[in-house]
Amino acid sequence: MATTNSIHDRVPLTGSSATIPRLGYGVYKSDDCRQSVLTALELGYRHIDTAQLYRNEADVGAAVRASGIPRKDIYIVTKMQFPVDNDVEKTLERMRESVSKIDAGEGDRKGYVDLFLVHTPASGPEGRQVLWKALEFLKAEGLTVDIGVSNYGPRHLLEMESYASVTPVCNQLEVHPFCQQKDVIPFCQSRGILITAYAPVVRNRRSDNAILVGIAEAHGKHPTQIMIKWSLQKGYLPLPKSDNRERMKANMDMDGWELTEADMADIETLDEGPKGAICPYPLNSP
Ligand SMILES: NC(=O)c1ccc[n+]([C@@H]2O[C@H](COP(=O)([O-])OP(=O)(O)OC[C@H]3O[C@@H](n4cnc5c(N)ncnc54)[C@H](OP(=O)(O)O)[C@@H]3O)[C@@H](O)[C@H]2O)c1
């Protein structure tokens with residue numbers, strides 16, 4: 001059976017020659033990040049999402065090296081939250097440190113990450129501009145292939161038009177059936193900004209929802225799998241996190257089956273807007 005948006009797809013990024021694997025693997029609050037990333041890579045995940053905040057960039061780098069998989073076959077994303085002293089050079093230096101923790105390079109090959117994001121718009125207008133300028137320099141230095149944002153609302157993206165020379169390739173948002181980001185996603189899509197979806201299984205906190213349970217039973221799946229499948233069928237790039245090998249496998253079991261139009265319509269009714277978010281919601285920050 002043909003699968004819509006297979007996890008084996010690599011998705012083009014607007015304005016970039018790079019492509020990004022459709023299914024990601026998140027490492028926020030990973031218990032043993034090095035081992036979990038190694039297991040994820042062994043199972044076939046090829047897109048790893050870390051951040052300075054998670055304090056495990058070095059573990060991700062160590063796992064990638066230990067895996068024996070060529071660096072070019074693994075897509076690595078990291079993020080920085082706040083600028084250093086609102087100073088572009090100091091902020092850039094902190095970004096370079098992240099890159100060298102993840103990939104210090106090898107022989108003649110320079111280390112790099114595939115995508116570096118501004119983690120949150122919460123640093124305010126000046127902070128956002130400093131972070132973006134530093135990312136533009138990081139990209140020009142070849143230390144990141146592409147740059148993007150996370151948790152940006154339309155106002156932050158519009159504001160960027162006044163200072164950005166490079167357009168963000170992606171906006172990483174909390175997206176799942178209970179928080180569908182209907183104000184933000186069409187805005188991003190109209191500008192070619194790809195959506196990567198964090199907390200895609202709502203940290204397993206809503207898996208008892210009757211609609212999801214009903215759909216899961218009809219497909220012989222778990223409600224968390226229904227949430228990931230919904231995300232894929234919507235065209236997003238979900239980033240489920242699990243430290244458990246069986247759940248990592250379950251989160252990849254997405255090919256060869258489809259949610260029906262009726263399933264998708266039922267899931268559409270679950271949206272609670274920003275109230276359905278489980279993480280802090282900085283999309284409206286000034
Ligand atoms: N940009 C941002 O501001 C931001 C914010 C939050 C997260 N993120 C990124 O997005 C990633 C995912 O988000 P998240 O970790 O917050 O939430 P999530 O992926 O929705 O949920 C992870 C939790 O759900 C459990 N889980 C995973 N798969 C499961 C399954 N099949 N059945 C039952 N339980 C399952 C995991 O437990 P086990 O580990 O025990 O399986 C873990 O406790 C993060 O790791 C991070 O990389 C980004």
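How are H7 and H8 oriented to each other? I will come to that pair in a moment. One note first: what you see is a predicted model.

Back to the question. H7 and H8 are roughly perpendicular to each other. Their axes lie 8 Å apart, and the packing angle is about 90 degrees. On the H7 side, the contact is made by Leu212, Val213, Ile215 and Ala216. On the H8 side, Pro223, Ile226 and Met227 take part. By class, this contact has seven nonpolar residues, with no polar and no charged ones.

Start with H7, residues 210-219. The axes of H7 and H10 come within 10 Å and cross at roughly 160 degrees. That makes H7 roughly antiparallel to H10. The crossing of these two helices is left-handed. From H7, the contact uses Ile211, Leu212, Ile215 and His219, and from H10 it uses Asp263, Asp266 and Ile267. The classes here are four nonpolar, one polar and two charged.

H8 contributes Ile226, Trp230 and Gln233, while H10 contributes Met264, Ile267 and Glu268. Four of the contact residues are nonpolar, one is polar and one is charged.

Ile267 of H10 is in the contact with H7 and in the contact with H8. Ile226 of H8 touches H7 and also H10. Leu212 and Ile215 of H7 are in the contact with H8 and in the one with H10.

On to the sheet. How many strands does it have? There are eight, in an open sheet with the order S3-S4-S5-S6-S7-S8-S9-S10, and the pairing is parallel. Strand S3, at 25-26, and strand S10, at 237-238, stand at the edges. Each has a single partner strand, so one side of each is left without a neighbour in the sheet. For S10, take its pairing with S9, residues 194-198: the two run in the parallel sense and are joined over two bridges. Ala197 has Pro238 of S10 as its bridge partner.

Last, the annotation. An unreviewed UniProt entry marks residues 29-271 as "domain: NADP-dependent oxidoreductase". Over that stretch the chain is 43% helix and 14% strand. The end C-alpha atoms of the stretch are 26 Å apart.

How values were computed:
Residues are numbered from 1 along each chain as its sequence is written. This is a predicted model: local features need pLDDT of at least 70, side-chain atom pairs count only at pLDDT 80 or more; totals for chains, interfaces and linings use all residues. Side-chain values use heavy atoms; hydrogens and water are left out. Contact means heavy atoms within 4.5 Å. Helices (H or I, at least four residues) and strands (E, at least two) are DSSP runs, numbered from the N terminus. Ala, Val, Leu, Ile, Met, Phe, Trp, Tyr, Cys and Pro count as nonpolar, Asp, Glu, Lys and Arg as charged, and the others, Gly among them, as polar. Two strands pair if DSSP finds at least two bridges between them. Axes are lines fitted to C-alpha atoms, for helices over the stretch in contact, and angles run from 0 to 180 degrees between N-to-C directions. Angles under 35 degrees count as roughly parallel, over 145 as roughly antiparallel, 65 to 115 as roughly perpendicular and the rest as oblique. A crossing is left-handed if the near helix is turned anticlockwise from the far one by less than a right angle, and right-handed if clockwise. UniProt positions are given in the numbering used here, feature names are shortened, and annotations may be inferred rather than shown by experiment.
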